[in-house]
Amino acid sequence: MPVTDPLSDMLTRIRNANIAKHGKVDIPSSKMKISVAKILKDEGYIKNYKLIKDQKHGIVRIYLKYDQHNESVIIGLKRLSKPGRRVYVNQKNIPPVLNGMGIAVLSTSKGIMVGREARKASVGGELLCSVW
């Protein structure tokens, strides 16, 4: 069955794997998902990610990160812009996530980036998700 919102599917898979305390989760690959996984790694929310080739589109394997008490580093994931209701912001209206404790991920004309990078680059775009 085709997925109508691939990014939401990715976030749900990560959320479910965190709840189940899995070490890794496999997600069907796309350029946007790879970019979001790179951001999550750069910001310290996941250990690593790996691209695995297969006969179809490929797979992104995300290795989840836990602290010393076996609690997930990712507390919450929220999809902000959905296929039925797109949310666009300019650089002045990029929302802070938990007063700077989390990140907002945007799709801009300069690529997918974190909210603070978009403010520095003076670009707005579509709010994809927030992670804390």
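Arginine 86 and glutamate 126 form a salt bridge in which the closest N and O atoms are 3.0 Å apart. Arginine 86 belongs to the loop between β4 (77-79) and β5 (88-89), and glutamate 126 to strand β8 (residues 125-131), so the pair ties together parts that are 40 residues apart in sequence. The model is a predicted one. In total, the structure holds six salt bridges; three of its topics follow below, beginning with the surroundings of this pair.

- Glutamate 126 is buried, because its relative accessible area is 12% and the limit for buried is under 20%.
- With a relative accessible area of 0%, serine 81 is buried.
- Once neighbours within four places in sequence are set aside, serine 81 is in contact with both partners of the bridge, Arg86 and Glu126, and with Val87, Leu127 and Leu128.

**Other salt bridges**

- Glutamate 43 and arginine 116 meet through their side chains in a salt bridge of 2.5 Å, N to O.
- Glutamate 43 sits in the loop between α2 and β2 (46-52), while arginine 116 is in helix α3 (residues 115-121), so this pair links parts that are 73 residues apart in sequence.
- Glutamate 43 counts as partly exposed at 24% relative accessibility, and arginine 116 counts as partly exposed at 38%.
- Another salt bridge joins the side chains of aspartate 42 and lysine 38, at 2.9 Å from N to O.
- Aspartate 42 and lysine 38 are both in helix α2 (residues 31-42), where they are four residues apart, about one turn of the helix.
- Aspartate 42 is exposed because its relative accessibility is 52% and exposed means over 50%.
- Lysine 38, at 43% relative accessibility, counts as partly exposed.

**The sheet and the helices across it**

- Three strands make up an open sheet in the order β1-β3-β2, and their pairing is antiparallel.
- The edges are taken by β1 (24-28) and β2, each of which has a single partner strand, so one side of each is left without a neighbour in the sheet.
- On average, neighbouring strands of this sheet are turned by 20 degrees against each other, direction ignored.
- The antiparallel pairing of β1 with strand β3 (residues 59-64) runs over five bridges.
- Valine 25 stands opposite isoleucine 62, a residue of β3.
- Helix α1 (residues 6-19) lies across β1 and β3 and runs at about 165 degrees to β1.
- Helix α2, which holds aspartate 42 and lysine 38, lies across β1, β2 and β3 and runs at about 155 degrees to β2.

- Most residues other than glycine have a negative phi.
- Leucine 98 is not a glycine, yet its phi is positive, at about 50 degrees.
- Leucine 98 lies in the loop between β5 and β6 (103-108), and its relative accessible area of 49% makes it partly exposed.
- Asparagine 99 also has a positive phi, near 55 degrees, and is a residue other than glycine.
- The loop between β5 and β6 holds asparagine 99, which is exposed, with a relative accessible area of 76%.

Key. Residues numbered from 1 in each chain as written. Predicted model: local features only at pLDDT ≥ 70, side-chain atom pairs only at ≥ 80, totals over all residues. Heavy atoms only, no water. Salt bridge = Lys/Arg side-chain N within 4 Å of Asp/Glu carboxyl O. Helix = DSSP H or I, 4+ residues; strand = E, 2+ residues; numbered from the N terminus. Buried < 20%, exposed > 50% of the residue type's maximum accessible area, 1.4 Å probe, protein only. Contact = heavy atoms within 4.5 Å. Pairing = 2+ DSSP bridges. Axes fitted to C-alpha atoms, helices over the stretch in contact; angles between N-to-C directions.
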